[in-house]
Amino acid sequence: MYTIVAGGGKVGANVARSLLRMGHEVTLVEQRPARFERLQEEFEHQVLLGDATELHILELAGIGRPPQLVLAATGDDEDNLIICQLAREGYRVPKVVARVNDPRNQEHFDLLGIAQTVCATSNILGLVEHEIPEHGIVHLLELRKENLEIVELQIDRDSPAAGKRLAGLSLPAGARLISVMRNGRSELAEDRTVLRPGDQVLAVLEPGKEDELKRVLLRS
Amino acid sequence: MKLVVIGCGRVGSAVAREFRAEGWDVVAVDEKEEALTRLGPGWSGGFVVGHGMDSEILRRAGVDEADAVVVATNGDNTNLVIGQVVRKRYGIEHVVVRVLDPARAEFYAKRGMQTVSPTQTAISELAARVRVAEKAMAS
């Protein structure tokens, strides 16, 4: 597989290295001359000096072939968005993935149709939420392409679902329970499973169903 | 009529002043508070300090009710993204975006954006002047 990786910082360089180890063909594009020189020692002819938002640089990197994947991993969200648009709309690159540096910019990527994004900060925030059980609903994973998300909820004493069988719960349409973790052990959610205070429940649901799910599982 | 100008540098501020002088309701947006001085003493339009990528800032500038939006920060890609967001999220039809790089300006112009490339203008103008000289020498 041929991939262009834009941005040779920690993210881009590590991804490029992994792809090369897997036997793929990669061109890494880095615009900071000092960083480029260091990368060149490792990546040799597989790294290119230049701004990947410039069409002639993308063309030097082989965007016209086109590559199967373009990964826009610079530290600048606007640059990443433009790289994805140029690659997809200008050169019919089948798959583009963008790094989102500031989670507040996620909405712009969504609005402009760049569906495949990775945001380290959002992932870290998710992990932090996971460590704070009082938070109610914890977003563990967003499956953008599938339009689904996986969340975790903790059942407490005043939960309307405590002491009930799963079969007896009226879950909202578009939401399903996956598993129940109790005393450090996780079991798949079955109709006969009875929820108890302290249980941690994983659910898969369509975005926007969180409030309905909360009403059934957390507080009435 | 209402105009929002995002990026209040030499270009943005001059456009803002021109339309304010004609009686438009004008709001300028810039990351730096000092940019306000470019609008001249006694600026009677609006001024919002913040980044145009920030939806809250766009809301405060009243982008949703603008008749036209000019995007002229010092970053081509920032301008292209803000311009698209303004068009798509707020449905503003008249959005003009400054793009220094002629290649990107043309790429997005082909996709329906109104782009202005000062670099392309300079290239065309310089070439035209040389043509004049060429003709003068030939005759």
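In the predicted model, chain A contains an open sheet of six strands. The strand order is 3-2-1-4-5-6, and the pairing is parallel. Strand 3 (47-49) and strand 6 (117-118) of chain A form the edges. Each of these edge strands pairs on one side only. Helix 1 (residues 10-21) of chain A packs on this sheet. Its contacts are with strand 1 (2-6), strand 2 (25-30), strand 4 and strand 5 of chain A. The direction of helix 1 makes about 165° with that of strand 2 of chain A.

Within the sheet, strand 4 (residues 69-72) and strand 5 (residues 95-99) of chain A run parallel. Four bridges join them. In general, strands of a sheet pair through backbone hydrogen bonds, in either a parallel or an antiparallel arrangement. Helix 4 (residues 77-91) of chain A also lies across this part of the fold, over strand 1, strand 4 and strand 5 of chain A. Helix 4 runs at about 175° to strand 5 of chain A.

One residue of chain A was examined individually. His56(A) sits in helix 3 (residues 55-60) of chain A. His56(A) counts as exposed because it has 11 C-beta neighbours inside 10 Å, and the cut-off for exposure is 12 or fewer.

Chain B has five helices and six strands. Along the sequence, these elements follow the pattern β-α-β-β-α-β-α-β-α-β-α. The C-alpha trace of chain B spans about 60 × 35 × 25 Å along its principal axes. Chain B has 139 residues, of which 37% count as buried. Contacts in chain B were also sorted by sequence separation. Among those between residues at least 6 apart in sequence, 42% join residues at least 24 apart.

The two chains touch each other. The contact takes 16 residues from chain B and 15 residues from chain A. On the chain B side, two elements give two or more residues: helix 3 (76-90) and helix 4 (102-110) of chain B. Helix 3 of chain B provides the largest share, eight residues. By class, the side of chain B that touches chain A has six nonpolar, five polar and five charged residues.

Note on methods. Residues numbered from 1 in each chain as written. Chains lettered and ligands numbered in written order. Predicted model: local features only at pLDDT ≥ 70, side-chain atom pairs only at ≥ 80, totals over all residues. Pairing = 2+ DSSP bridges. Contact = placed C-beta atoms within 7 Å. Axes fitted to C-alpha atoms, helices over the stretch in contact; angles between N-to-C directions. Buried ≥ 20, exposed ≤ 12 C-beta atoms within 10 Å, placed from the backbone. Nonpolar A, V, L, I, M, F, W, Y, C, P; charged D, E, K, R; others polar.
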